[in-house]
Each structure stands twice: as structure tokens, then as C-alpha cells.
Amino acid sequence: MLDIKMIRENPEKVNELLKRRNPELSIDAILEVDEERRQIQTKADELRAKRKNESQKIGLMKKNGENTDSIQEEVRLLGDEIKSLEEKQVELDEKQRDMLLRTPNIPDETTPIGASDADNVEVSKWGEPTKFNFEFKAHWDLCEEKNIVDFERGVKLSQSRFTLYRGKGARLERAVINFFLNEHTEKQGYEEILPPFMANAATMTGTGQLPKFKDDMYKCVDEDLYLIPTAEVPVTNIYSNEILSEDDLPKYMTAYTPCFRREAGSAGKDTRGLIRVHQFNKVELVKLCTPETSPEEHEKLTEDAEDMLKKLNLPFRRVALSSGDIGFSANKCWDLEVWMPSYNTYKEISSCSNFGDYQARRANIRYKDKATGKTRFVHTINGSGLAVGRTVAAIIENFQQEDGTIIIPEVLRPYTGFDKI
RNA sequence: GGAGACGUGGCCGAGUUGGCUGAAGGCGGCACCCUGCUAAGGUGUUAUGUGGAGCAAUCUGCAUCCAGGGUUCGAAUCCCUGCGUCUCCGCCA
């Protein structure tokens with residue numbers, strides 16, 4: 001959520017930056033509501049102050065045995081007036097909050113300006129796209145051949161885009177999860193978190209999924225609970241409505257969770273294989289830090305994610321998302337894309353975003369600044385470290401051999417217990 | 001799931017015959033003072049949100065005693081609902 005005071009003081013600047021994201025965005029309507037809201041509040045405050053004084057007066061008069069009938073009637077009428085103003089005020093408060101909650105974060109100055117993913121900028125590359133001197137296969141074909149993912153029965157059990165891993169496939173998936181978690185916790189200093197896989201509406205609002213992206217999520221029928229689309233949601237919200245000490249920062253947290261996404265609006269895209277499914281596994285990296293350190297913490301987190309790809313020896317590149325393509329809550333985002341032979345291109349495997357204080361303001365996550373003694377909003381950062389299903393798909397495709405076997409990367413072998421499939 | 005108890009500031013804990021209590025007291029924290037060091041002691045300070053004034057330091061109004069409603073001139077205090085915690089019983093991986 002953007003800071004209403006900041007918007008009030010820099011309306012042109014905010015509009016200009018928002019239009020980099022989408023030319024139709026504007027905060028003008030919010031400012032109109034804000035103006036009216038403040039007028040009502042001032043008026044209501046005055047009347048409440050009056051009622052307070054008068055009521056105290058009544059108390060004293062009663063003590064002295066005076067008759068208070070007329071003044072009581074007067075204050076009762078005042079109460080009616082206050083009540084109607086309060087109703088109006090609540091209405092405007094909610095309206096303003098809703099408008100702010102539906103307004104995306106403003107892009108960082110360093111985010112490349114552009115309208116869509118076509119304007120994203122490749123900034124670095126590691127390794128070379130895998131070359132084959134034989135007819136290579138797509139991971140979905142290899143998976144079926146080796147019976148390590150049973151796509152058809154996954155569909156039977158649930159619906160399309162649900163997968164059933166089995167045998168060495170299931171073991172490989174679990175090995176990748178454990179490898180990532182061990183690296184993040186033992187070598188990179190993150191605290192392991194195992195959060196609930198369902199979260200309530202307040203939590204979903206904190207990170208930005210609600211109110212705008214309700215239709216992207218799975219919702220429980222009889223409860224105010226949603227299946228999480230990413231571990232970012234519960235993990236970032238761990239400290240919602242709390243004030244941390246500056247000494248507690250930065251917080252490094254990592255979590256494995258399954259992720260549930262309805263993928264509404266992506267019909268026809270990536271319909272085969274493990275790339276786009278309704279339930280997938282992911283290990284997430286989340287940081288809370290001070291505003292001063294957030295750019296460098298963002299960079300370090302991205303490097304931590306890149307480190308996983310390097311250790312697996314998977315070719316990848318880093319892309320700076322353009323202002324038209326970054327996520328709703330982010331002000332800056334690097335995508336890591338892994339080489340996927342079947343697509344003959346790089347596919348997103350991690351998205352490392354800096355949210356500034358946007359999520360912290362929504363979730364109300366603050367800290368006490370030591371130097372000034374003031375409470376400030378933390379900055380939140382997160383990134384996939386990495387998407388597990390896509391990692392498995394990349395391993396299967398990039399490390400397939402002419403004889404039809406798949407070589408398991410060295411670093412995973414202690415986890416899989418086998419060196420090829 | 002059934003029965004009961006409870007929900008106050010960073011923590012503990014007063015306040016429940018409604019009124020001057022944003023809230024006593026203690027602990028902790030912070031600042032300063034004092035004792036040559038340490039232990040101890042003294043003084044002060046110590047919530048959040050939001051509106052207004054001011055360049056600012058700051059001053060000031062309003063709100064907040066789990067949340068939301070209600071009663072009343074006036075509610076931390078009374079009533080209702082929800083959420084949560086604890087105890088006992090039942091059930092269960």
C-alpha cells in the first residue's frame with residue numbers, strides 16, 4: 001500500500017511513476033476521497049470534543065444536585081450528529097483503503113521502463129544453452145516413458161494440471177526440496193520455516209493477493225481461508241502488526257511449501273508437463289530489512305537463488321523486469337530463467353522482488369529505528385529459491401543422455417540415493 | 001464437539017455499585033545524576049493510529065483497555081455477537 005501522506009505531497013511524481021506501469025493508473029480519485037475524508041474527520045473530532053466536555057459537566061452538575069434534563073437532551077442530539085458523521089467517516093476510510101489496496105506499488109527508478117515482458121532486459125547469463133548431438137526429448141515425454149510422473153492419473157484424481165509424481169520422480173522432487181533447504185539454512189544463513197498452507201484474508205491482503213487477485217486463488221467454502229499461492233504469503237506476514245527491534249533485522253527466512261494457483265487466464269499456455277500446474281512445490285526465500293539495506297539485500301538474495309542453479313549446473317540468465325511486467329506489489333524484480341530445451345528458450349524459475357515498504361505497510365510490519373527512536377516500516381524482499389517442479393523439469397531435459405538415461409547432478413546424489421534415472 | 005474461566009500498555013498487574021483513567025503500582029527499556037570500579041541508589045522518561053498548526057524541533061484535537069455491534073448525557077467498566085487463550089470431559093493422527 002502506498003503512503004497516503006506521500007501521495008498527498010507528491011501527486012505528480014506518483015502519477016508519473018504509476019503510468020510507467022500502466023498508463024491508465026492514477027491516484028487523483030484517491031486524493032478526492034482523502035480530501036473529503038479529512039474534512040469529515042475534523043468536524044467529527046470537534047463534535048466529539050464538545051460532547052466529552054459537556055458530559056463531564058453533566059457529571060459535576062449531578063454531583064451538585066442540579067437539574068440536567070435540558071443539557072442531557074442537547075448532548076443526546078449532538079450524539080446523533082456525531083453518529084451520522086462517524087458513519088460517513090467509516091465509509092470514506094474504507095473506500096480510501098480499498099482504493100489504496102487496489103493500487104500497485106510504484107516502480108523503482110532503476111526498473112527499466114516498458115509496457116510488457118517484451119521490454120524486459122537480460123542483464124547476465126551463466127553457462128551456455130545445452131546442445132545435443134541426438135534427438136532430445138521434452139521432459140513430459142521422458143517423464144511418461146520412465147513412469148516418474150503420471151500425468152493422466154493426476155488428472156483423474158483431481159483435474160487437468162495436477163500431477164502425480166512416483167518412484168524416482170517423487171524422490172527427485174523431494175531431493176531437490178531438501179537440497180535447497182539445506183543450502184539456504186546451512187550455507188546462506190536463512191531460518192527454516194514450515195508455515196500453514198492455508199491463510200486467512202488479512203494475511204492474503206498483507207502481501208497483496210487480496211483484494212485484487214481473488215480469482216487466482218483457491219478458497220475454502222466454509223472458512224475464511226485460502227490455499228497459499230506461495231510461501232511468501234505466510235512467511236512475510238509472520239511479523240504482521242508487530243514492531244520489531246532494529247537488532248532483529250535483517251530477518252532471513254526460507255520455507256518449503258506447495259503452492260496452489262488457479263492459473264485463471266492462462267488456458268492454452270504451457271499445457272504440457274510440469275511448467276504450469278495448479279499445485280507445485282517451491283522453496284521460497286524471504287527477507288525483512290531496513291530501508292537502507294534493502295537494495296543490497298535484494299541483490300544478495302538473488303545471488304543466493306542463482307547459486308542453486310550454478311550448483312545444479314543448469315544454464316540460466318538474469319532478466320530485469322520492465323515497469324509494465326513487474327508484479328503488483330513489487331518495485332523492482334529480477335527473474336532468473338533456466339534454459340529449457342523443449343521450449344528452445346529460457347523459462348522463469350525464480351522471481352526475486354523488492355517490495356520496499358509496500359507490503360510492510362499493508363501487513364503493518366514495523367521496527368523501531370535505533371538512531372531516531374521512531375517506528376518505521378520494514379522493507380520486504382523475496383524470491384524463489386527455487387521453483388522445484390521447474391527445476392526437476394530442467395534437470396530432466398538438460399541432463400538427458402543419448403541412451404535415454406537422465407544424469408542426476410552431483411550435488412543431488414546424496415539426496416536421491418541414485419545417480420541416474 | 002460439550003462444560004467452565006478468562007482476554008487491560010514491552011511484560012506483570014490495579015481498576016468491574018458507569019463519570020475528571022491513556023489508564024495506579026511494579027518489572028523491564030532509555031536518558032541524566034551520584035558512589036573512584038562493580039553491586040546498590042536518585043531523578044526523569046517510556047504506546048499506537050489519525051486530523052490540525054509550524055520549514056522544523058515541537059505543540060494540539062480525536063480515537064484506541066481482543067474485535068464488532070448495543071444501552072447511556074457519558075463505558076476499560078453494563079448487554080449481545082465473533083475471535084482467541086486456559087482448565088476439565090469427549091473424540092482423534
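Where is the place of Arg 161? I found Arg 161 in the loop between helix 6 and helix 7 (168-187); helices are DSSP runs of H or I with at least four residues, strands are runs of E with at least two, and both are numbered from the N terminus.

A note on what I am reading: this is a predicted model, where local features need pLDDT of at least 70 and side-chain atom pairs count only at pLDDT 80 or more, while totals for chains, interfaces and linings use all residues. Residues are numbered from 1 along each chain as its sequence is written.

**Backbone entries**

I looked up phi of Arg 161 and got a value near 70°, positive in a residue other than glycine. Arg 161 counts as buried at 14% relative accessibility (buried is under 20% relative accessible area, exposed over 50%, partly exposed in between, with a 1.4 Å probe and protein chains only).

Next I checked Asn 147, in the loop between helix 5 (139-145) and helix 6 (151-157). Phi of Asn 147 is also positive, near 55°, but Asn 147 is partly exposed at 42%.

I then turned to cis peptide bonds. One runs from Leu 210 to Pro 211, with omega near 0°, and Pro 211 sits in the loop between helix 8 (201-207) and strand 4 (225-227). Another joins Gly 385 to Leu 386, with omega near 10°; Leu 386 belongs to strand 13.

I traced an open, mixed sheet of eight strands in the order 1-8-9-10-13-7-6-2, where pairing takes at least two DSSP bridges between two strands. Its edges are strand 1 (121-126) and strand 2 (191-193).

How values were computed. Chains are lettered from A and ligands numbered from 1 in the order in which they are written. Side-chain values use heavy atoms; hydrogens and water are left out.
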